[in-house]
Amino acid sequence: MPVGGTGTARKPAETATHCAYCALQCGTLLTPRPQSHPRERSAGATRAAPVTVRPDPEFPVNQGGLCQKGWTAPTLLRTPDRLRTPLLRGPDGRLAPADWDTALDLVAARLSRLRQAHGPHSVAVFGSGALTNEKAYLLGKFARLALGTSHIDYNGRFCMSSAAAAGNAAFGLDRGLPFPVTDLGRAEVVLLAGANPAETMPPLMRHLGKARLIVIDPRRTRTAEQAALHLQPVPGTDLALALGLLHLAVTEGHLDRDYLDVRTTGFAQAWQRALPWWPERVEAVTGVPVAQQREAVRMLAEAGRAYLLTGRGAEQHSKGTDTVSAFINVALALGLPGREGSGYGCLTGQGNGQGGRELGQKSDQLPGYRTITDPAARTHVAGVWGVDPAELPGAGPSAYELLDSLGTPTGPRALLVFGSNPVVSAPRAAHVADRLASLDLLVVADFVPSETTQLADVVLPVAQWAEEDGTLTNLEGRVLRRRAALPPPEGVRTDLAVLRELALRLGQPAERFPDTPRQVFEELRLATSGSRSDYAGISYERLDAGEELYWPCPASEAPHPGTPRMFLDRFAHPDGRARFVPVEHRQAAETPDTAHPLYATTGRVLAHYQSGAQTRRVPELLHTAPEAHVELHPDTAARYGLAEGDLARIVSAHGAMTARVRTLPTLRPDTVFVPFHFAAEGRANLLTGDALDPVSRMPEFKLAAVRLGPEPEPDCAGPREGAP
């Protein structure tokens, strides 16, 4: 189904809300179907979606369009295997239905026993960039107060953490896009480094239609096909390429010297690192021809309105932070950030990837992007929470390090997972599954079964997007209202209600854990007041009145209008200047050798989203992409005895997967691509390793050294690999 839309105005019976998927948070209008009677909802007798969806013609981000995931999102509300009652693993090893009190009592009792016997850090929490702002906030508070643990992180560490670290270093603040998405519609040139929005967020392409695109990607993606210039580097060499672009910006006279003098600091040190990266050396390392390097810099420098945007392809590396810093250095050298009509931005991926990384579910943060080791930050948040700052635990391990430590002698013995599926999404997926299976207690809150719920001791059924109220913050820093169009099915509770009930059973006072989104948001406003991501001036009333509010939006006597465009006058560092960060190119953690002679890179495809737990349940989407596949050059396929449609086995030093062969003459002969949306033997993250970025702690998802070979077809027919 193509991106499409309608210009019809809103109807009174429609609920204005936002899409269930990516960080664009496209505006949608939901209308209940007549059959969505409560008795029918609880019976689960029909697969008919209980609501119809159409794009909101008044929301500027998607401009009346949706991708095929957005159009089919209501189908998931009535998926036949929707979780509708708590499940407990019995003595026979099977999950069986239980009532809510029994399930919550069991979880609280076992958590209490573990904490008493082994201390508060024996229990851990794993959150998600898909949670609303209210849920992310309350989850962090629950971990630190009700559990007293420092062991909390979330799957956003696997997505935007490198760009966030680089943005904080350069600008003093991280907001994915420090300008509205609609500004891109007036761009003359846009460079996309490791981003493929034509497949990952198709409505964004409506804003890029007038610009000449420069795409940096080892694959000729759908986005690259629309580019004026496609740079196709060797996987893992983006940092060298960015250093080369800075070299050319200097040597070919494209520096904006007035901007450098007035608005930046540290250029000389960054230039010393880029100086040795002359174009011919860059070509030798990256494979990108000198002429293309020069053309890319010239296009950016000569454009009156130019943007440089990074995505996961540049960020998901063991040197991802340095790679993004190198691209920011290029943008600064050309005078782009903090100038209306130009800039740098990160294309945040998950639905609430921006809000999720600001509000306290990250291991080193408190709400408002506050650092958990900062005494002033601890004092402020503790004051809002009504506790002594000394009661707040310190920083904990990052997401992969947390998962890697589970069940070990010094690691947590229990884990609560909200809105994530690490059995598919984490690196070294087989190892992570083993660590989860070793726990004394695994609790998963979700709305559909997943590969992670299959390992759980307790599964808690929770509401999903069209059944709950709250707020999210999209990739441009705009705070949006999610509105319920229908109640959850009978037997299903909200995440906020689950956290409150567990907190009460763990001895917390009732007033400390409200379970209505509006109450939580009011407290969130206080907790973020005065912070880098200040929500204090935002309220449900202002959002429901239709105001477009971007953080920071501090409380003030006259309502603050929000900040759609940041850095126009000054950057967020104390001196108001942006920082060049000097970086050096280095090899990836692993490179091809005789045993594993090919590069494997991972990513998304149009029909699916993240671990696929949702989209693999939508028949239209599963029909489009029914199973794991591997893309490779026809010559590469022939060299390994493979042909179009064959089943292949891909092997790395960390594990092996099977996938259906697709041959593409546009792919580099030294590179294969596998999407990461599939389960079982089709998990791409069976291949990936545990190398981490030293700053962001981002795993190296985008590169593994592999070999290929034929895989026999299964002996007997059964469900397709992608099907749940």
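Ala16 stands opposite Leu29 in S3. The model behind these exercises is predicted.

**Exercise 1.** Find which strands pair in the antiparallel sense with S3.

*Solution.* 
- Start with strand S2, residues 15-18. S2 pairs with strand S3 (residues 27-32) in the antiparallel sense, over four bridges. Ala16 facing Leu29 belongs to this picture.
- Then turn to strand S4, residues 51-55. S3 and S4 are also antiparallel, with five bridges. Here Thr31 has Thr52 in S4 as its bridge partner.

**Exercise 2.** Give the strand order of the open sheet of five strands, and name its edge strands.

*Solution.* 
- The order is S12-S11-S10-S14-S15, and the pairing is parallel.
- The edges are strand S12 (229-231) and strand S15 (343-346). Each of them pairs on one side only.
- Neighbouring strands in this sheet are turned against each other by 15 degrees on average, direction ignored.
- Look at the S12 end. Strand S11 (residues 212-216) pairs with S12 over three bridges, in the parallel sense. Ile216 sits opposite Leu231 in S12.

**Exercise 3.** State which strands helix H14 touches, and its angle to S14.

*Solution.* 
- H14 covers residues 320-333 and packs on the sheet.
- It touches strand S10 (189-193), S11, strand S14 (306-310) and S15.
- The direction of H14 makes about 175 degrees with that of S14.

**Exercise 4.** Describe how H8 and H12 cross, and what kinds of residue meet there.

*Solution.* 
- Two packed helices are described by the angle between their axes and the distance between the axes.
- The axes of H8 and helix H12 (residues 290-302) come within 9 Å. They cross at roughly 65 degrees.
- The crossing of H8 with H12 is right-handed.
- H8 contributes Leu241, Leu245, Leu248 and Ala249. In H12 they meet Gln293, Arg294, Ala296 and Val297.
- Sorted by kind, the contact has six nonpolar residues, one polar and one charged.

Terms used
Residues numbered from 1 in each chain as written. Predicted model: local features only at pLDDT ≥ 70, side-chain atom pairs only at ≥ 80, totals over all residues. Heavy atoms only, no water. Pairing = 2+ DSSP bridges. Helix = DSSP H or I, 4+ residues; strand = E, 2+ residues; numbered from the N terminus. Axes fitted to C-alpha atoms, helices over the stretch in contact; angles between N-to-C directions. Contact = heavy atoms within 4.5 Å. Left-handed = near helix turned anticlockwise from the far one by under 90°. Nonpolar A, V, L, I, M, F, W, Y, C, P; charged D, E, K, R; others polar.
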